[in-house]
Amino acid sequence: MEIRDGIHLSSLQQSLSDYFPNLENQDNYWVQNPFKIKEKPKGFHSMDYENLIELSSDTQLEAKFRTVSLTIFWSDVFDEYPNLAKQAIRILLPFATTYLCEAGFSKYVATKTKYRNKLDAAPDMRIQLSNLTPNFKRIMESKKQVHPSH
């Protein structure tokens, strides 16, 4: 039993390493914290490296980096450092894409149960996957105007 559990745990650890590699051991470590660069990342052009050094010496950006998420930080520096921001967002994008896909699938499974298997789930999925929150008060007021007897 212990051997089987050990094999399972090592397999799980390998799967997690495949999905979430350690950025510090790769060439993309600068995305995780651009203020701790020690050497030029592999594949960087000299202009990009100069921009990274300039970015890493900006104390205002470092303060901002500590208060916002990685994606927001790289989106915010896009105007000043477009090449760096594009590369960083390209590296970060797979994690967001995987999350949205899995969240959508979970909502679909919850909607399309064996008791509702003939249900057209498309309209419900559109509502469930939307980032917009409906303004129920406004919707109800507009319905009252159409049907004043209710």
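1. Contacts along the chain. In this predicted model, 37% of the contacts between residues at least 6 apart in sequence join residues at least 24 apart.

2. Secondary structure. The chain holds 8 helices and 0 strands. Read from the N terminus on, the order of elements is accordingly α-α-α-α-α-α-α-α.

3. Burial and surface. Of the 150 residues in the chain, 19% are buried. The accessible surface of the chain amounts to about 12200 Å², and carbon and sulfur atoms account for 56% of that area.

4. Confidence. The chain has a mean pLDDT of 78, with 77% of its residues at 70 or more. Helix H4 (residues 59-67) has the highest confidence, with a mean of 92, whereas helix H1 (residues 2-19) has the lowest, with a mean of 66. Where pLDDT is low, the predicted coordinates should not be read in detail.

5. The setting of Trp30. This residue lies in helix H2 (residues 29-32). Is Trp30 buried or exposed? Its relative accessible area is 1%, and because buried means under 20%, Trp30 counts as buried.

6. The contacts of Trp30. Which residues does Trp30 touch, leaving aside its neighbours within four places in sequence? Trp30 is in contact with Ile37, Pro41, Phe44, Leu52, Trp74, Leu84, Gln87, Ala88 and Ile91. A further reference point is Ser56, which is 26 residues from Trp30 in sequence; the C-alpha to C-alpha separation of the two residues is 9.8 Å.

Terms used. Residues numbered from 1 in each chain as written. Predicted model: local features only at pLDDT ≥ 70, side-chain atom pairs only at ≥ 80, totals over all residues. Heavy atoms only, no water. Helix = DSSP H or I, 4+ residues; strand = E, 2+ residues; numbered from the N terminus. Buried < 20%, exposed > 50% of the residue type's maximum accessible area, 1.4 Å probe, protein only. Contact = heavy atoms within 4.5 Å. Areas by Shrake-Rupley, 256 points an atom, 1.4 Å probe, with all protein chains shown as cover. pLDDT = per-residue confidence, 0-100.
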